[in-house]
Amino acid sequence: MLSRGGGDLTMLDANGLVTKLLGLLHVAPVDPQDLDQDMSQRSASVITLLVSLCRGSSELAAKLLEENVLGAVESVLEWVGEDKTALALMRLVDLVLTLVFRGLKAPHPRDPKFLGEDA
């Protein structure tokens, strides 16, 4: 069981949790008029969970930078509907910037993973 202070969060990513959470953020409404409050709340919750996981584990933080986090942020920015979602997204961007400036390596902009292409 995970405890608040000493649990190993990397075991949560054994089946690709970070990748799946980012994938949930790539799902955008077909028509921005169809944006419902439920989708906006779900996205805010997913973003908050990602931020919490990455703050608790440097391995998960490194994994976040290896995935297409930029594509997920851009996807949410296209349809962001509520202030709560926008604030959660700002926390995610803040985390990514903090990780990069602390020295965690993000993919090079020409890297296919960075561009969201399959390698």
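Select glutamate 67 first: beyond its neighbours within four places in sequence, this residue is in contact with Val18, Thr19 and Leu22, contact meaning heavy atoms within 4.5 Å. The model is predicted, so local features need pLDDT of at least 70 and side-chain atom pairs count only at pLDDT 80 or more, whereas totals for chains, interfaces and linings use all residues. Residues are numbered from 1 along each chain as its sequence is written, and side-chain values use heavy atoms, with hydrogens and water left out.

Glutamate 67 sits in the loop between α3 and α4. Helices (H or I, at least four residues) and strands (E, at least two) are DSSP runs numbered from the N terminus. With 19% relative accessibility, glutamate 67 counts as buried; buried means under 20% relative accessible area, exposed over 50%, and partly exposed in between (1.4 Å probe, protein chains only).

**The salt-bridge network**

Lysine 63 and glutamate 67 form a salt bridge whose closest N and O atoms are 4.0 Å apart, the criterion being a side-chain nitrogen of Lys or Arg within 4 Å of a carboxyl oxygen of Asp or Glu. Next, show aspartate 13, which forms a salt bridge with lysine 63 at 3.6 Å between the closest N and O atoms. This pair links distant parts of the chain, with aspartate 13 in the segment before α1 and lysine 63 in helix α3, 50 residues apart. Aspartate 13 is buried at 14% relative accessible area, while lysine 63 is partly exposed at 23%. Shared partners join Asp13, Lys63 and Glu67 into one network. The count by this rule is 2 salt bridges.

Move to α1, where Val18, Leu21, Leu22 and Leu25 are buried. These residues lie on the same side of α1 because they cover an arc of only 100° around the axis, the arc being that of the directions from the helix axis to the C-beta atoms.

Which residues does leucine 25 contact beyond its neighbours within four places in sequence? They are Ser43, Val46, Ile47, Leu50, Ala72, Ser75 and Val76.

Now colour the largest nonpolar core, which has 28 residues; those with the most contacts inside it are Leu22, Leu25, Ile47, Leu50, Leu64, Val69 and Leu92. Such a core is a set of buried Ala, Val, Leu, Ile, Met, Phe, Trp, Tyr and Cys residues joined through side-chain atoms within 4.5 Å. At least two residues of this core come from each of α1 (17-25), α2 (37-56), α3 (58-66), α4 (69-79) and α5 (83-101). The largest share, 8 residues, is supplied by α2.

The C-alpha atoms of serine 52 and leucine 92 are 9.6 Å apart, although 40 residues separate the two along the chain.

In helix α5, turn to phenylalanine 101, exposed at 72% relative accessible area. Together with Val93 and Leu97, Phe101 makes a nonpolar surface patch of about 320 Å².

**The whole chain**

Finally, zoom out to the protein chain, which has 6 helices and 0 strands. Of its 119 residues, 34% are buried. Among contacts with a separation of 6 or more, 74% are between residues 24 or more positions apart.

Technical notes
Patch = residues over 30% accessible without salt bridge, like charges linked within 9 Å, V, L, I, M, F, W, Y side chains within 5 Å. Areas by Shrake-Rupley, 256 points an atom, 1.4 Å probe, with all protein chains shown as cover.
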